[in-house]
Structure formats: structure tokens, C-alpha cells
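The model I consulted is shown below.

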Amino acid sequence: MSLPAILGGEPIRRRPYPGWPIHDDREKELLIKALESGRWSVGGSFQEEFEKRFAEFQDAKHALLCSSGTTALKLALRAMGLKPGDEVIVPAYTFIATATAPIELGLRIIYADIDPQSYTIDPWSIEDEVTEKTRAIVPVHIAGRPADMDSIREFAEKHDLMILEDAAQAHGAEWMGRRVGAIGEAGIFSFYQSKNITCGEGGAVTTNDDSLADMIWSLRNVGRPRRGPWYEHRVFGWNYRITEFQAAILLAQLEKAPRLMDLRDRGAETLDKLLDKIDGIEPLKHDKRVTRHAHHLYIFKYDPREFGGLPKEKFIEALRAEGIPCSSGYRPLYTYEFLPKNKPLENVEKASRIEAVWIPQYVLLAEREDLEDIAEAIEKIKKYAGKIPK
Ligand SMILES: Cc1ncc(COP(=O)(O)O)c(C=O)c1O
């Protein structure tokens, strides 16, 4: 075994993993159709078609497209009737928009800790912070793994809270046989270019509630009523629409989604088996109630004690030097100087500072030998860990 690349040795890989996003003639065909339709925004057929199909895909009655996952969060929170001063519970381990969207609407956020096995929200960790102003909880299906919706529903019922699922990373994920997005009052998705279904930028809100769907339609269309004259504005809304070109690409991507989901399942299963054999590396534990994981990210736990005390950031640097795409993931949201502060939350701290290592979804689309390279690279780093400067 040669030295790790970080110490000047040969990297395990020089070949890149499959690229992302991917497209073929189907995206081109639909894009040209959208172009030639003469309807590039309102009045075309691609958005409505995608909304119908995506709602079916997520077991929801409605899906409403909008410009991003971030604007989807704002639309949903506003449509759910949350007012400035109301409180919303969010995990402190998530993408920043889960917190900035409610803050922008004048809501106060309460940070919850995460479960150490799944990295999804543990609402019971902040039960004593719930007040009469607390109106909603936003579980995040992090990495494409559904949060514990049974526990969240129990908590929400106990405290009379609405549930908004942040499913930005969880296209096609299932909790106990039901796809996420409309298990709570509403759910949001992102179609940003890294996401498993993408059109570059875009988002959607899903819900089973007809009046919520009408309100979201209205809010994303500068407050126009869903059925009414064009220059009538009944509520204070935004222009958060997307174009027909984006919807055309999304339709083609949705057709590909089931096949890619199967590939990611297979890739994740292979990696689980390979990494489980390495002391100091632990794939996140499975939960039988998660009947489908969307695998937007493959996350494993790194234990520096098994690697001569090598800190996570150095381990990641070494793994990248071997040609393995990976990252350290989120830092606790309360450590951003422009976000509300909080006392350190035990499991959020541990995940972000010590143990969580993220591998992007497109790696899971690779062949078995490509995944074996990951295990081999980790073994090599482990062998020389003591020599890598901290
Ligand atoms: C958990 C989560 N919430 C919200 C968002 C926001 O989505 P967008 O980037 O489309 O605004 C993202 C996107 O990365 C996300 O991962």
C-alpha cells in the first residue's frame, strides 16, 4: 500500500465519479417543445403536468412549483397562517434556509437537537422550550432519510403544532410505506442542481389540503386569487414562479427518478457493507420504519479515536486527496453570527464537529469497484493516520 496522497503518495483514484446533473435526449426534446410552445411561463402545460405527476410521486394531493426550496419554505409557512412573533421548531443541524426562511417572515425559531442515530430532529429535546406561541415544527428529512414522523406527530398533537416537512433532500423517500411531503400539513422540496431531481433551481410545496394549496398558488403569484381576474391581488404575495423550461427539464428528470433511486439503494447497501467492516467507521443505523431512503447524501460516522486522534477535517482532506468526493457537512446553525444563538446541543455538536462525513448522492450511482475504492482509501488513511499532521 502506497503512502496516502495527503503525504505525497499515489491517490487511490484519478478517475472521477459519475457527473451530476445528468441529462439525455429526453430533456432536450421537452426543452425544445417548451421553447416552441410560445408559453414560457404562465399558461403553458409543462408546469401543470409536472405538478400533477410530482404530487402522485410523493403521495400528495397537490404539488405547487416555485423558484426554490427556500421560497417553498416561505410560501408554506405563510400559507399555514404563521404570523410575526409565532415560534417554529427547527433542527440546529440542517441547511441554513430551514432557519432563515421563518426568520425572514418574522418568526422566532427554537433549535432542537438531533437524534444521534439518524441525525434527524429530536423534538423531545426541547419540550420545555415550547410556549403558547409555538405553532409549528419543521422536521428535516436530512440526507433523504425521513425523520421519525410517528414521534413528531405525537409531539405535534401534544402541543397543538402544525408540521411542515422539509423534504428538500428527500424526493421519493417513504416513512412506513408513505412518501414524505404530505404526511404533515405540508412539505417542501428543492430542485437545486445537486438534488436527486433537478432543473438547476426550483422548488415545490406539497400538501393534501385544498385551501392551503390555493393559498400557496396565490402567494407565489403576487397574491392573485387562483380563480379570478389577473389584476386582482387579494393577499400580499411574491413572484416565486418558475419557467416552463425548468418544468420541462423536471418532467424528464422525474421519468428517470425511479431507476436512479434503485441505483442509489444498491450503492448505499454496498457501501454499508464495505464500511461496516472498518473499525472507527459506522454507517448510520437503519430504521425499519424508513421504507425508502432517498440517499441524497450517504452519511457515515467517523471516530477519530480509531484514527490516532486525526480530526475529522484532516480525515476529509486526506480522503479527498485520494480522489473520493466528501465533505464535513453542516455546522450548528446557532454558530452563525447572524442567526439566533443557543446553548450547544449535544448531538448536533458531535455530528458536525466530530463524526459526520458526507458523500454526495452521485457517488452511489457508480459501479461496485468505484465504491470499493472508498473503503480502500479509508483503510490506507487509517494505516498512516499517525503520520498525518493534525
Ligand atoms: C434541508 C434543506 N432545506 C432547504 C433547502 C433550500 O433549497 P434551495 O437551495 O432550493 O433554496 C435545501 C437546499 O439545499 C436543503 O437541503
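Which residues in α8 meet which residues in α10? I found that Phe315, Ala318 and Leu319 in α8 meet Ala377, Ile378 and Ile381 in α10, where contact means heavy atoms within 4.5 Å.

**Basis.** I worked from a predicted model, in which local features need pLDDT of at least 70 and side-chain atom pairs count only at pLDDT 80 or more, while totals for chains, interfaces and linings use all residues. Residues are numbered from 1 along each chain as its sequence is written, and side-chain values use heavy atoms, with hydrogens and water left out. Helices (H or I, at least four residues) and strands (E, at least two) are DSSP runs, numbered from the N terminus.

**Entry 1: α8 and α10.** I classed the contact of α8 with α10 as six nonpolar, no polar and no charged residues. The axes of α8 (residues 312-321) and α10 (residues 368-384) come within 10 Å and cross at roughly 125°. Axes are lines fitted to C-alpha atoms, for helices over the stretch in contact, and angles run from 0 to 180 degrees between N-to-C directions. The two helices are therefore oblique to each other; angles under 35 degrees count as roughly parallel, over 145 as roughly antiparallel, 65 to 115 as roughly perpendicular and the rest as oblique.

**Entry 2: Leu319.** I then looked up Leu319, which lies in α8. Leu319 counts as buried because its relative accessibility is 0%; buried means under 20% relative accessible area, exposed over 50%, and partly exposed in between (1.4 Å probe, protein chains only). Not counting residues up to four places away in sequence, Leu319 touches Phe300, Ile324, Cys326, Ala377, Ile378 and Ile381. Leu319 and Ile6 are 313 residues apart in sequence, yet 8.3 Å apart in space, C-alpha to C-alpha.

**Entry 3: α3 and α4.** I found α3 (residues 69-79) packed with α4 (residues 97-104) at an angle of about 45°, their axes 9 Å apart. That angle makes α3 oblique to α4. Thr70, Leu73, Lys74 and Leu77 in α3 meet Ala97, Thr98, Ala101, Pro102 and Glu104 in α4. By class, this contact of α3 with α4 has five nonpolar, two polar and two charged residues.

**Entry 4: nonpolar cores.** I define a core as a set of buried Ala, Val, Leu, Ile, Met, Phe, Trp, Tyr and Cys residues joined through side-chain atoms within 4.5 Å. Which members of the largest core touch the most other members? Of its 53 residues, they are Tyr93, Tyr111, Tyr119 and Leu164. The largest share of this core, six residues, comes from α3. A second, separate core of 45 residues includes Val130, Ala173, Val290 and Ala294.

**Entry 5: backbone.** Most residues other than glycine have a negative phi, and most peptide bonds are trans. I noted that the peptide bond from Trp20 to Pro21 is cis, with omega near 0°. Ala143, in the loop between β5 (134-137) and α5 (149-159), has a positive phi of about 70°. Ala143 is buried, with a relative accessible area of 5%. Asp160, in the loop between α5 and β6 (162-166), has a positive phi of about 55°. Asp160 counts as exposed, at 69% relative accessibility.

Methods
Nonpolar A, V, L, I, M, F, W, Y, C, P; charged D, E, K, R; others polar.
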